[in-house]
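My notebook is open, and today I am looking up how two chains meet and what sits inside them. Come along as I go through my entries.

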Amino acid sequence: MALAELKRGLLLRNPVFVAAVGLCPAVAVTTTARAAIDMGLAISVVLVIVNILASLTRKLISERSRLPVILCYSSLAASLVLALVQRFLPGVDRELGLFLPLAAVNCLVLERASLFARRNTVAMSLLDAVAAGLGYTAALLVAGIIREALGSGTFFGIGPFPYFHPVRIFATAPGGFLTVALILAMVSMIRSTFTTEKKAQ
Amino acid sequence: MSNLSILLHTALVAMFVSNLPLVRMLGVCPLASTFSFRNAWIYSAVAAFVLTVSGTAAWLIDALILAPAGLEVAQLLVFMMTAATLVQICETTFERFYPRMFHAIGTDLSLLAANCAVAGLMLTVTDTNSVTGSPFSLVEAAVHSIFAAAGMSLAILITSGLRERIDLNRLPKPFAGLAGAFMIAAIAAIVFAGFAGSPALH
């Protein structure tokens, strides 16, 4: 069951490339693979805390009050992560900048908490948070590796590659949009081939 | 720099040079939602209102309540609650007085509370002004908020207008929908990168 959940979070329902939630950091903090991993892990930690809190108090949250309550949880969790990162990992804080506190309003966190954790047990919510968090980190990592390779000509800071002139646009904002657009198009192409194959059978 | 030129610089930087969605990549989601151009007008007007008020309110809350009380730790929590309240007020007003408009953009409207642009702007105006290098004054914060809001509306209108035109053509299948929306955003972002001067793209 845990494996199926992981597969769902990582591939079938990948937060960024299939469900299309939490796109802001995916476009913004993927200039290097390292930053992408750090961002993904920070979001995952916030998501785990929020999912557990939302699941613990699921009897108390009504349909109308869910957004304010979950926002409250997520800003508490993000404040905690922010304070810890600023204290122990100042380099990561500089690297992620404004997007670290903005984990509080990450669409993935709000979506998982309000759609899943509010209706399921704590253990299931924890599993869901880990799966979605890993899927999110993996998606950011893919975008990060592509953008770092094309934009700076390095791989996890190793390089620069010989005989390769970096395409600077991939390290800037338009490059973020461009990379995400191309990956989304590729995913939708792969998905449509698979669905037509199923129909043909 | 004189006061007036500082304000002018702050306004231009907020609206164009560090445009919220297209340059700073805060609040990208509205660019990806499939509004019609008409609904984009309504949405961007509401978003502009929320951004302007929340940005200015964030400065006031920070300077008058949080800083004197030494409660900077709770900044994020207080800001989020402020934004949620503001959006709830807008939503209730819309539902009561403009039910048809509310149905057109309802769910996107409630998600405005969780929009990175709103939260990002609130955290920006309580930080340093990149124009002067010192913390924002109240007037600078208000000007920054108003023009950042205008820049956000501009970005939403540009992308939704472009999408309406582009959707009339035959697109390659994978680029229909979200991927196409991001492609359009990329083109608009290239244009806005030009406002920062050439080094950004060289």
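How many residues does the contact take from chain B and from chain A? I found 36 residues from chain B and 35 residues from chain A, where two residues are in contact if their C-beta atoms, placed from the backbone, lie within 7 Å. On the side of chain B that touches chain A, H8(B) gives the most, with nine residues; helices here are DSSP runs of H or I, at least four residues, numbered from the N terminus. I sorted that side of chain B into 31 nonpolar residues, four polar and one charged. Ala, Val, Leu, Ile, Met, Phe, Trp, Tyr, Cys and Pro count as nonpolar, Asp, Glu, Lys and Arg as charged, and the others, Gly among them, as polar.

A note on reading this: the model is predicted, with local features needing pLDDT of at least 70, side-chain atom pairs counting only at pLDDT 80 or more, and totals for chains, interfaces and linings using all residues. Residues are numbered from 1 along each chain as its sequence is written, while chains are lettered from A and ligands numbered from 1 in the order in which they are written.

Next I checked pLDDT, the predictor's confidence in each residue, from 0 to 100. Chain A has a mean of 87, and 97% of its residues reach 70 or more.

Then I looked at H3(A), which covers residues 33–56. I noted that 18 of its 24 residues are buried (20 or more other C-beta atoms within 10 Å of their own, these atoms being placed from the backbone), so H3(A) is largely enclosed by the rest of the structure.

Definitions and conventions: Helices (H or I, at least four residues) and strands (E, at least two) are DSSP runs, numbered from the N terminus. The expected span of a helix is 1.5 Å times one less than its number of residues. A residue is buried if 20 or more other C-beta atoms lie within 10 Å of its own, exposed if 12 or fewer, and partly exposed in between; C-beta atoms are placed from the backbone.
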